[in-house]
Amino acid sequence: EFGMEPGSIVTGKMAAALRRLGFNYVFDTDWSADLTIMEEGTELLGRIGKVLAGDKTAKLPIFTSCCPGWVSFYEKNFPDMLEYPSTAKSPQQMFGAIVKSYWAEKNIVDPNNIYCVSVMPCIAKKYEASRIEFSMDSNYDVDYVITTRELIKIFQDSNIDLKSLEDEKIDKVMGEYSGAGIIFGRT
């Protein structure tokens, strides 16, 4: 959309562009994808351990719960098998929960004053963010989801040329991410 080669890494340019739109902080959900990998992996190992120990109630296989389209499909079509998907939240939802709890506490920010906006490639993420189980006292983990297509239009309408921007740093939630989340997201 901005005259760059497909697959170009634009993380720093996105940080710059989002700050020009007025965002105070710009984080990367790759960090919370690492959390999801660890949670789902731990849950899988736990289930395998139970099966090996002879626990007949342990359910395998385990399905990822990261895709809200998949989760909705599964809930509607296989309600008798809801013990198979992972109980882990998606990276988007883990991130929202962490930023409104741990990050807010560490930075002395009232969670009610945090408006968490996700930029996601899939419109189903809007539905996911609106699920009541991802809120506490009517404060949702993720307040709003903008699709990448919507963000491109916002940039264009705001005369922000992503290609011409100098890279800016992403804000840190709790340090660096491993990069495994990028691989996880592409599989």
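The buried residues of helix H6 pack against helix H1 (11–20), strand E1 (117–120) and strand E4 (144–147), where contact means heavy atoms within 4.5 Å. Helices (H or I, at least four residues) and strands (E, at least two) are DSSP runs, numbered from the N terminus. This is a predicted model, in which local features need pLDDT of at least 70 and side-chain atom pairs count only at pLDDT 80 or more, while totals for chains, interfaces and linings use all residues. Residues are numbered from 1 along each chain as its sequence is written, and side-chain values use heavy atoms, with hydrogens and water left out.

Let's stay with H6 for a moment. Within this helix (residues 148–157), Leu-151, Ile-152 and Phe-155 are buried; buried means under 20% relative accessible area, exposed over 50%, and partly exposed in between (1.4 Å probe, protein chains only). Viewed down the axis of H6, its buried residues fall within an arc of 105°, so they line one face of the helix. That arc is taken from the directions from the helix axis to the C-beta atoms. Arg-149 and Asp-157, on the other side of H6, are exposed. Just after the helix, Asn-159 has a positive phi of about 55°.

| Residue | Relative accessible area | Class |
|---|---|---|
| Glu-43 | 16% | buried |
| Asn-77 | 44% | partly exposed |
| Glu-128 | 4% | buried |

Glu-43 belongs to helix H2 (residues 30–52). Its side chain and that of Ser-86 are joined by a polar contact of 2.7 Å. Such a contact is a pair of N or O atoms within 3.5 Å; within protein, one must be able to donate a hydrogen and the other to accept it, and residues adjacent in sequence count only if both atoms are side-chain atoms. Leaving out residues up to four places away in sequence, Glu-43 touches Ile-62, Pro-85, Ser-86, Thr-87 and Ala-88.

Glu-128 sits in helix H5 (residues 124–129). Its contacts, again not counting residues up to four places away in sequence, are Cys-66, Pro-68, Ser-90, Gln-92, Gln-93 and Phe-134.

Asn-77 is part of helix H3 (residues 68–77). The side chain of Asn-77 reaches the backbone oxygen of Phe-73 at 2.9 Å.
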